[in-house]
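Student: I have a protein model open and would like to learn how to read it. Could we go through it feature by feature?

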Amino acid sequence: MSIEEKSVHLDKELRPSSWGEYVGQRAIKENLNILIKAATDRGAPPEHVLFYGPPGLGKTTLAHLVARETGRNLKITSGPAIERVGDLASILTNLSAGDILFIDEIHRLNKTIEEVLYPAMESGVLDIIIGKGPSARTLQLELPAFTLLAATTRVAMISSPLRSRFSGGVFRLEFYSEGEIEEILRRSAKILGVKLENGAEKEIAKRSRFTPRTANYFLKRARDFAQVENRPLNCETVNLSLKLLGVDEKGLTPSDRKLLEVIAEKFSGGPVGLGTLAAALSEEEATIEEFNEPYLLQLGLIERTTRGRALTAHAYTHLGKTPPKNLQKKLL
């Protein structure tokens with residue numbers, strides 16, 4: 001493989017290739033192991049499974065591991081890529097017996113297309129309506145037995161009828177601990193062929209937003225900085241490289257800090273509604289909800305109230321500001 005090819009497929013190389021290499025999400029791994037073993041013993045494909053949680057926690061990786069453990073072919077698509085009923089029909093009719101179909105961001109499926117999935121998942125048939133008006137007729141196609149694995153970052157947007165058809169389970173992926181992130185970083189460093197010195201993995205882990213994808217991204221950028229500057233990959237190098245990216249000691253990005261500053265300065269610490277906040281930041285509501293909020297909530301820098309988002313006392317101290325009197329007592 002050429003250097004260019006290795007660079008392009010680097011994220012794939014960092015992806016765990018076995019359950020033993022997959023760090024964290026212990027409860028999900030145990031449930032999937034039982035599901036897979038039971039199905040294998042029966043000579044049947046595993047039941048349909050839905051994974052949900054913030055981006056970068058390993059939903060796609062779990063789909064690859066299920067396919068590897070069962071020895072099945074994995075077919076991958078996404079909700080936005082399936083624009084018409086015919087697109088879904090083409091995908092389903094081209095599956096072979098035992099194949100695993102992975103649909104990422106399944107919450108973005110059109111509702112009409114979603115309804116076609118119901119009989120396919122439940123009864124293994126595909127109902128297609130041919131023609132329009134009084135002359136319309138329904139054609140029912142038998143589908144080979146398959147497993148649907150799906151992933152979403154917004155499970156609330158998936159209808160109850162669709163959720164209920166994931167008979168193998170609906171699993172939420174949790175944020176990782178710093179210790180788990182450090183273990184992931186040590187494995188990634190070996191694959192990248194770099195040596196982490198003086199606890200550099202701890203420095204990256206504490207800023208990684210509790211997310212393996214972010215941790216690996218920071219590791220690659222620190223590696224690049226160390227290579228260009230001819231430095232060892234230690235804590236100082238990590239600090240300098242992440243400072244260039246605008247990532248502070250808590251892992252906050254410039255957009256995170258801007259969000260906190262806008263709430264503090266324009267809205268007196270909040271609460272402020274999501275729509276108003278998005279307009280003030282010139283940002284999409286979905287970006288705030290899916291990227292900024294989960295980590296800021298996890299750190300205890302903001303809180304969500306019935307009236308909107310509000311800063312905590314810790315957010316003020318992180319910004320170098322004096323908290324309002326009503327919040328100061330919470331620091332004691």
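Student: Which residues of H3 are buried?

Tutor: They are Ile-28, Lys-29, Leu-32, Leu-35, Ile-36 and Ala-39.

Student: Which exposed residues does the face turned away from the buried side of H3 carry?

Tutor: That face has Arg-26, Ile-34, Lys-37, Asp-41 and Arg-42 as its exposed residues.

Student: How far does H3 reach from its first C-alpha to its last?

Tutor: Helix H3 covers residues 26-42, which is 17 residues, and reaches 25 Å. That is close to the 24 Å expected at 1.5 Å a residue. After H3 comes Gly-43, with a positive phi near 70 degrees.

**A helix with a bend**

Student: Where does H14 bend?

Tutor: The bend is at Glu-293 and amounts to about 45 degrees. A proline, Pro-294, follows within four residues. End to end, H14 (residues 285-299) still reaches 20 Å, close to the 21 Å expected for its 15 residues at 1.5 Å a residue.

Student: Which residues of H14 are buried, and what do they pack against?

Tutor: The buried ones are Ile-288, Asn-292, Glu-293, Pro-294, Tyr-295 and Leu-296, so the list includes both the bend residue Glu-293 and Pro-294. They pack against helix H12 (254-266), helix H13 (274-281), strand S8 (302-305) and strand S9 (308-311). Just after H14, Gly-300 has a positive phi of about 75 degrees.

**Cores**

Student: How should I think about a nonpolar core?

Tutor: In soluble globular proteins, nonpolar side chains tend to be buried together. Here the largest nonpolar core has 65 residues. The members that touch the most others are Leu-32, Phe-51, Leu-62, Leu-259, Leu-260, Leu-277 and Leu-311. A second, separate core has 24 residues, including Ile-113, Met-121, Leu-143 and Phe-146.

Student: Which residues is Leu-277 in contact with, leaving aside its neighbours within four places in sequence?

Tutor: With that exclusion, Leu-277 is in contact with Leu-259, Val-262, Ile-263, Val-272 and Ile-288. Ile-288 is one of the buried residues of H14.

**Loops and backbone angles**

Student: Which residue other than glycine has a positive phi of about 60 degrees?

Tutor: Phe-210 does. Phe-210 sits in the loop between helix H9 (200-205) and helix H10 (212-229). Ser-282, in the loop between H13 and H14, also has a positive phi, near 55 degrees, without being a glycine.

Student: Are Phe-210 and Ser-282 buried or exposed?

Tutor: Phe-210 is buried, because its relative accessibility is 18% and the cut-off for buried is under 20%. Ser-282 is exposed, because its relative accessible area is 69% and the cut-off for exposed is over 50%.

Student: Where is there a cis peptide bond?

Tutor: The bond from Gly-270 to Pro-271 is cis, with omega near 5 degrees. Pro-271 lies in the loop between H12 and H13.

Student: What is Gly-56 in contact with, apart from its neighbours within four places in sequence?

Tutor: Gly-56 is in contact with Thr-211, Pro-212 and Arg-213. Gly-56 itself belongs to the loop between strand S1 (49-52) and helix H4 (59-70), and is buried, with a relative accessible area of 10%.

Student: How many helices and strands does the protein chain have?

Tutor: There are 16 helices and nine strands. Of the 332 residues, 46% are buried. Among contacts with a separation of 6 or more, 68% are between residues 24 or more positions apart.

Student: What is the mean pLDDT of the protein chain, and where does pLDDT stay under 50?

Tutor: The mean is 89, and 94% of the residues reach 70 or more. Residues 1-8 stay under 50, and the model has one contact beyond four places in sequence for them. Where pLDDT is low, the predicted coordinates should not be read in detail.

Key
Residues numbered from 1 in each chain as written. Predicted model: local features only at pLDDT ≥ 70, side-chain atom pairs only at ≥ 80, totals over all residues. Heavy atoms only, no water. Core = buried A, V, L, I, M, F, W, Y, C linked by side-chain atoms within 4.5 Å. Buried < 20%, exposed > 50% of the residue type's maximum accessible area, 1.4 Å probe, protein only. Contact = heavy atoms within 4.5 Å. Helix = DSSP H or I, 4+ residues; strand = E, 2+ residues; numbered from the N terminus. Expected span 1.5 Å × (residues − 1). Bend = angle between axes of the 7 residues up to and from the residue. pLDDT = per-residue confidence, 0-100.
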